[in-house]
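Reader: I've got a protein model open and I'd like to learn how to read it. Could you take me through it?

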Amino acid sequence: MTRIGIILGSTRPNRNGPQVARWVLDTAARRGDAEFELIDLIDHPLPHLDEPVAPMFGPSVHEHTRAWAARIAPLDGFVIVTPEYNHAAPGVLKNAIDHLYAEWVDKAVGFVSYGAGGGVRAVEQLRLVCGGLGMAAVGRQVALSVLTDFENYTTFVPRDDHVTALNALLDQVIVWTDALAPLRQAARTAPVGARS
């Protein structure tokens with residue numbers, strides 16, 4: 001069955017992300033068209049990118065990167081849950097993305113964002129990054145405002161329209177993930193060095 005990773009892209013103390021990511025996981029788990037699993041970056045501490053060779057050109061020399069690659073590689077697609085910090089995605093999320101290359105290629109990705117303005121600027125940047133990695137970023141997005149969708153700016157209260165938007169996003173992620181499956185299969189069977 002299709003496996004979709006829900007990546008929680010913040011490690012800040014007192015973050016709102018776990019509530020949002022748990023809501024995404026709980027909503028997704030009610031579906032029967034894929035398996036969903038939560039990946040919290042706090043459980044995968046990575047130093048600032050320290051690979052001597054760019055990930056697209058060779059295997060990692062560091063165990064922390066190999067462990068991260070082993071976590072991401074088996075997944076078929078992703079939903080990234082991201083806050084917006086100073087008009088951008090968190091550095092820890094960008095760093096986690098930058099540690100890998102082949103593990104992202106030909107996989108679909110959708111975005112659930114939150115912030116004062118719904119996190120839309122963070123997602124604009126992530127779309128460019130993911131596109132550069134050969135990922136298919138779906139058009140649907142769930143944007144949550146800490147001003148209107150969180151009680152006292154801290155307790156997430158999802159509305160019915162958010163659930164509808166999330167399911168539409170998940171529909172697209174799964175359709176694109178399945179559509180890209182032949183490319184991922186071809187890459188797995190290609191001779192080493194045939195793809196870059």
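Reader: At what angle do the axes of helix 1 and helix 5 cross?

Author: First, the ground rules. This is a predicted model, where local features need pLDDT of at least 70, side-chain atom pairs count only at pLDDT 80 or more, and totals for chains, interfaces and linings use all residues. Residues are numbered from 1 along each chain as its sequence is written, and side-chain values use heavy atoms, leaving out hydrogens and water.

Author: Helices (H or I, at least four residues) and strands (E, at least two) are DSSP runs, numbered from the N terminus. An axis is a line fitted to C-alpha atoms, for helices over the stretch in contact, and angles run from 0 to 180 degrees between N-to-C directions. Here, helix 1 (residues 17-29) and helix 5 (residues 160-179) cross at roughly 70°, and their axes come within 10 Å. Angles from 65 to 115 degrees count as roughly perpendicular, under 35 as roughly parallel, over 145 as roughly antiparallel, and the rest as oblique. Helix 1 and helix 5 are therefore roughly perpendicular to each other.

Reader: Which residues make the contact of helix 1 and helix 5?

Author: Contact means heavy atoms within 4.5 Å. Helix 1 brings Trp23, Val24, Thr27 and Ala28, while helix 5 brings His162, Val163, Leu166, Asn167 and Leu170.

Reader: And how do I read helix 5 against helix 6?

Author: Use the angle again: helix 5 and helix 6 (residues 181-189) pack at about 40°, with axes 4 Å apart. That pair is therefore oblique. Thr177, Asp178 and Ala179 of helix 5 touch Ala181, Pro182 and Arg184 of helix 6.

Reader: What order do the strands take in the sheet?

Author: Two strands pair if DSSP finds at least two bridges between them. In this model, 5 strands form an open sheet in the order 2-1-3-4-5, with parallel pairing. Strand 2 (35-40) and strand 5 (136-145) are the edges, each pairing on one side only. The twist averages 20° from one strand to the next.

Reader: How many bridges join strand 1 and strand 3?

Author: Strand 1 (residues 3-8) pairs with strand 3 (residues 77-83) over 5 bridges, in the parallel sense. Look for leucine 8, which stands opposite valine 81 in strand 3.

Reader: Where does helix 5 lie relative to the strands?

Author: Helix 5 lies across strand 1, strand 2, strand 3, strand 4 (108-115) and strand 5, running at about 165° to strand 5.
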